[in-house]
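Open the model in your viewer and keep the sequence beside it. The tour goes from one selection to the next.

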Amino acid sequence: MSEGYSILVDTSKCTACRGCQIACKQWNGLPGTKTKNEGTHENPMDLSADTWKILRFSEGPSKNGNPFWYFFSEQCRHCMSPGCMAEAEKGEIIQDEKTGAVIFTPKTKSLNYEATREGCPYDIPRQNPKTKELFKCSMCFDRITNNMIPACVKSCPTGAMTFGERPKILETAKARVQELTKRFPKAKALNADDVRTIYIVTDDPQKYWKLAAGK
Amino acid sequence: MTNHWIDLKNSDCILVMGSNAAANHPISMKWVQKAKDNGGILISVDPRYTQTSAKSDIYAALRSGTDIPFLGGMIKYILDNDKYFKDYVLNYTNASFIVGPKYDFQDGLFAGYDPKTRKYDATFWAFERDQDSRVKRDTTLQNPNCVFQLLKKHYSRYTPEQVSSITGTPVSDLLKVYEAYASTGTKDKAGTIMYAMGWTQHTVGVQNIRTMSIIQLLLGNMGIAGGGVNALRGESNVQGSTDAALLFHILPGYLAYPRANQTNLETYLKAITPKTAEPMSANWPQNLPKYFVSLMKSFWGDKATKENDFGYGWLPKLDVGQNCSWLNLFDAMYDGKIKGFFSWGQNPACSGANAHKVRQGLAKLDWLVNVNIFDSETGSFWKGPGMDPKNIKTEVFMLPCAASIEKEGSISNSGRWAQWRYKAVDAPGMAKPDGDIMVELFDKIRGLYKKNGKFTDPILNLKWDYVNEKGHFDPHKMAKEVNGFFLKDTKIGETEYKKGTPVPGFAMLQADGSTSSGNWIYCQSYNAAGNNMARRKKEDPTGLGLFPEWAWAWPVNRRIIYNRASVDLNGQPWNPKRSLLKWVEGQEVDGKKQPGKWVGDVPDGPWPPMSDTKAGRYPFIMKPDGLASIFGPGLVDGPFPEHYEPLECPVPKNLLSGQFINPTIKIFSGAMDKHLTCDPRFPFVGTTYRVTEHWQTGIMTRWQPWLIEAEPQMFVEMSEELAKLRGIKNGEKVKVSSIRGVVEAVAIVTTRFKPFQVGDVTVHQVGMPWCFGWMVPKDGGESANLLTPNVGDPNTMIPESKAFMVNVTRMEGGA
């Protein structure tokens, strides 16, 4: 019995090149949205029906005198028990058995958007205001079922993102955290048992993004 | 790069300074990360806490334009603390050379300076030579006039406290960096530098790099895996364009461009060909005549003969002292001296320093040809801000060209690897590959010359056979020509080469007209073995990531240059764990000893190691004396790097000497050549940089919705302290101005910029990207180069876009 796939996002290796953000749009044929600079490099400023992956930037002073500048490549966590599915009783949202990917179907039009979004501990689902359909990362379902890795992982130059069989990814995550703990006592893998998109952080998760570790 | 991208993984300590590699060379971080995974240390030195800094183990801030004090302090630290690699310094550098009695250094000036011409007479810096013309040496390094002692004396002034008072870097941060980097001065450690435009774009740009070169030599980091001096090139294939001499002062393969006083081939070759009296110096440049004559044969084929100096007389000559680099060209254009301009694959209206002057210069032209894949601020300058099309006579032609993936050819990366690319798709519409545009253009020019041209020989005699049967430019024919051919049956050693055979490598090129080569350093790239640039084998015999059969690297597929310095005098690697090269003695066969050989990378020449005092050769084969230059490589502004303030700076004096700015820079003095220093109207240091999302001026990326979505608008980054001082809120629009112009920008107020404590003065610095322009997107903002000064490094004339003075204010009435 397969345990499906996982994506590991090792933020300690992320350089904020945003290749993943662009690759997501490219593969999924999503349009560039109209943005303006809001006093940060982060853009778009939030997920939307047209933006399923964004690089969140956060910064501030730190104890050693240098600032901290953290990069968090946000996307759907593909939960083992997806909260978004609580509202979806008629197959609007599917959890694929083989891969574990959580897929929003066109039937999500009929879902209660607010409740579905509320059900996600990471606040990921977004609605197309015109069609009412809900959208988010599909783990590149069309790619991973055709022997390709997700577009975001493919684009990552530093190895911050890796994709593979879940047990292997869990093993890699564990080893990496162990390694990082030597320098960063707060290093950990976020909710590794509950999600398929596992983030490794080296500091308090809230310093990366308020919902990095969930609600 | 002396080394190459993958080799970064072999480093124990990576200094990123004058570069923000994570943002601007994202893939480099793959190898930096591997070095870190192996226990290597990453140091980031930058005025701003960057994406690279965010990944670093050690970060230090410095005020823009103070890299020489920062690094000069490191030289002093290395010498004071005995951290240098003694065997290396003694045997492989000119540390032991005795400098002549005319050399001196007083209060910021070297001997030989003429204030009238603002030039040095470099003969004042000459080495002492014996009756055989050999440089005198003191191998005890004690002679007060030897390079080592002069170096010590020169940098004795660069104490941590003094450096700190100039750079604004806390002393403790300086020492952290010095200690970490100096720890690579041992046999088994490698330290490397990744630099980019943050070092070159200064009035002391070349000397910034020289300072680091001295450090690398002191620590024995040149020529080794994980070491070197690595320039991260700022444009795809800019390495190739430099190799191919897309510059005014050189011919392909870095051959000096002929000057008007070099009236015939003999005088020219004599001037460019160095001599040596050192028996153990290979002095490889002694072969330059072979390369030059082969180039002439490539240009003019059978028409280039011994009798006509191989066509030397047909080459246009530069006047003595003439400098046709960017700033001078646009100065001449502004003065109306240039009538026509091909702007080919560039966007000077946004990329040129003091871009207002550039734009005014374009308006003085009779014609402008804009070759690009999109329209640009250059092609449409006549309808740009402040321009009245009715008053502009310039006729503009737009030639759409093929993008990189729409044509076949080679591309050379920063690591000197020439990699062949296939064509993926046809160019859209009427767009053509650059080669086709040139072929058509030349056909027309040749036609006009045939009809009624004057001095037609250089044009009509050109060999020019790079087209295929359909009349299109043929990149394979061109690449083979660049490699070169035997032009008659030739026997070299035991091997016979038939006329028309490709030359196997540049060692076989001849000065008698029997070979051709369009670029000697690329000889071997496309030979009898085929197109070596198209190779894609993934074997890595050394385990160091050299991948010798992946593509091809100049010269002669050497992946790390100066690699003879990676071994000791007996040819054994300093660090056997990273064995780049190794001399293996020959076995005895039938009582006869076979010759030894090098194993590993392609060595810098076949000679045995230095312990063989007859056949052995010194490692730095491109230097006439065979040893690396700690002192004086022939720069116009001095034999040792010395700190001078940027032309525009925030401090009233140079704390290290009475010489305020680089005494040899050219200062333009026309109506639009303004600059100000310590002027209260422009109190803050400004600098420019790039973002990952945009390419150069953004000419290709600003049209791309996903990229413009991620970085949509011109911004200016500033510290919280400065924002408070000016009452600026994060995200609001502000005005950034210099004496040369004003741009609007969104304020990014950040903890990643901090004010500098420079002596008694608090210095604020701001930074802007230069990837925007008025054309697209509509609310994207303007180019930061409207603010930058048109003053250049005296050696390269690269503009000082990294340190200048600005003001930042709220928009009137707020925003």
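Select A:Val9 first: A:Met161, in β8(A), stands opposite this residue. This is a predicted model, in which local features need pLDDT of at least 70 and side-chain atom pairs count only at pLDDT 80 or more, while totals for chains, interfaces and linings use all residues. Residues are numbered from 1 along each chain as its sequence is written, and chains are lettered from A and ligands numbered from 1 in the order in which they are written.

Now select residues 5-10 of chain A, strand β1, which pairs with β8(A) in the antiparallel sense over five bridges. Helices (H or I, at least four residues) and strands (E, at least two) are DSSP runs, numbered from the N terminus; two strands pair if DSSP finds at least two bridges between them.

Go to chain B and select β15-β16-β21, an open sheet of three strands with antiparallel pairing. Here β15 (409-412) and β21 (552-553) of chain B are the edge strands. β15(B) and β16 (residues 417-421) of chain B are joined by four bridges; B:Ser412 has B:Ala418 in β16(B) as its bridge partner.

Last, select the contact, with 30 residues from chain A and 32 residues from chain B (C-beta atoms, placed from the backbone, within 7 Å). On the side of chain B that touches chain A, α20(B) gives the most, with six residues.

Note on methods
Contact = placed C-beta atoms within 7 Å.
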